[in-house]
Amino acid sequence: MKSADSLSLNRFVHTFGDSLREKYGENVYKISLSGNFTCPNRDGTLGRGGCTFCSVASFAGSPARKSLREQLLENRNPRARLFLAYFQAYTSTYAEFAVLKKCYDEALASPEVIGLCVGTRPDCVSDEILGLLEDYGKQGFEVWLELGLQSSFDETLERINRRHTFADYVRTAVRARERGIRVCAHIIVGLPGEGLMHSLTTLGRVLDTGADALKLHQLHIVRGSQMEREYRRGEIAALSLEEYARIAALMIQHTPENVLYERVGASALSGMLVAPDWAAKRWPVINAITAILAREGGQGSRVRCA
Ligand code: SF4
């Protein structure tokens, strides 16, 4: 259940939701859609096992057996008027250009859809796709590229079998932003071998590269992932709620206020979570982070000197 504190996170954090409300004068909701894409780290192009934290069953809305229009109608908040089509599952820029364009066009054809959020790997974004996203932006759509970075440490990326590097992320984020496409970086806190220093360093590198928004979430160990086996063998551990909230709060405090936070923590899909058990619900982590920010200072309160 929400507490009063959970409602006040945006007193201390510049949230994505607030920025959309300021811009459009009302709430704008994301609708998760599946375009039935796959992933090069699963189909054999880069690898077959996937990232060690990933379980395809944990993607909301996948696999899609329904048309995009049906998904839009089913997944929308009935009380809302404006939406962003969110292609989240797998690698949503990983298909033939014509297939991607048809998919994005179809989502944007709905009059209530004002834009597009495309989630993908940093090594799967061609110039052609960037050109398409740039064109949507020029037509007045709200366009976001969500890049799964997770960590800026190549040794961590290798350990979790991401099969891309931090340099891939930098190249794509810079190319996208040069075209006016806004970039949201996904960062996971608590990856194997990482601590506070790694999270703050990744944050600093992402900010130095240039980012418009961030999504933070704690490492979830989910059923069916390689990490589930590592966890059960005792090779990796999950952060406590207090440890995660402390790191996330410090990251927020070190983030300038012009960078939006789309997420500061996450909950796992019901039935998928192995650890940490506190991640079964969304609000405890938001409340814990909000309490620290209220006590010690909010977003930007510890921004580095140039
Ligand atoms: S997290 Fe993304 S890139 Fe990694 S295996 Fe899963 S779908 Fe592929």
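Residues are numbered from 1 along each chain as its sequence is written, and side-chain values use heavy atoms, with hydrogens and water left out. Because the model is predicted, local features need pLDDT of at least 70 and side-chain atom pairs count only at pLDDT 80 or more, whereas totals for chains, interfaces and linings use all residues.

Helices (H or I, at least four residues) and strands (E, at least two) are DSSP runs numbered from the N terminus, and two strands are taken to pair if DSSP finds at least two bridges between them. On this basis, an open sheet of 7 strands is found, with the order S1-S2-S3-S4-S5-S6-S8 and parallel pairing. Its edge strands are S1 and S8 (260-263), each of which pairs on one side only. Neighbouring strands of this sheet are turned by 25 degrees against each other on average, direction ignored; axes are lines fitted to C-alpha atoms, for helices over the stretch in contact, and angles run from 0 to 180 degrees between N-to-C directions.

Within the sheet, S2 and S3 pair in the parallel sense over 5 bridges. Bridge partners in S3 include Gly115 for Leu84 and Val118 for Phe87. With buried defined as under 20% relative accessible area, exposed as over 50% and partly exposed as in between (1.4 Å probe, protein chains only), 8 of the 8 residues of S3 are buried, so this strand is largely enclosed by the rest of the structure. Helix H3 lies across S1, S2 and S3, running at about 145 degrees to S3.

Further along the sheet order, S5 and S6 pair in the parallel sense over 6 bridges, and the bridge partner of Ile188 in S6 is His217. S6 is mostly covered, with 6 of its 6 residues buried. In a regular strand the side chains alternate between the two faces of the sheet; in S6, Ala213, Lys215 and His217 point one way and Leu214, Leu216 and Gln218 the other way, and all are buried.

Ala249 lies in helix H9 and, at 0% relative accessibility, counts as buried. Leaving aside its neighbours within four places in sequence, Ala249 is in contact (heavy atoms within 4.5 Å) with Ile289, Ile292 and Leu293. The C-alpha atoms of Ala249 and Ala89, 160 residues apart along the chain, are separated by 28 Å.

In helix H2 (residues 68-75), Leu68, Gln71 and Leu72 are buried. Seen down the axis of H2, these buried residues fall within an arc of 100 degrees, so they line one face of the helix; the arc is that of the directions from the helix axis to the C-beta atoms. The elements covering the buried residues of H2 include strands S1 (28-33), S2 (82-87) and S3 (113-120), together with helix H3 (97-108). Glu70, also placed in helix H2, is partly exposed, with a relative accessible area of 42%. The C-alpha atoms of Glu70 and Leu33, 37 residues apart along the chain, are separated by 9.8 Å.

The ligand is surrounded by 10 residues, the closest being Cys39, Gly50, Cys51, Cys54 and Arg121, where a residue is near a molecule if one of its heavy atoms lies within 4 Å of it. By class, this shell has 6 nonpolar, 1 polar and 3 charged residues, with Ala, Val, Leu, Ile, Met, Phe, Trp, Tyr, Cys and Pro counted as nonpolar, Asp, Glu, Lys and Arg as charged, and the others, Gly among them, as polar.
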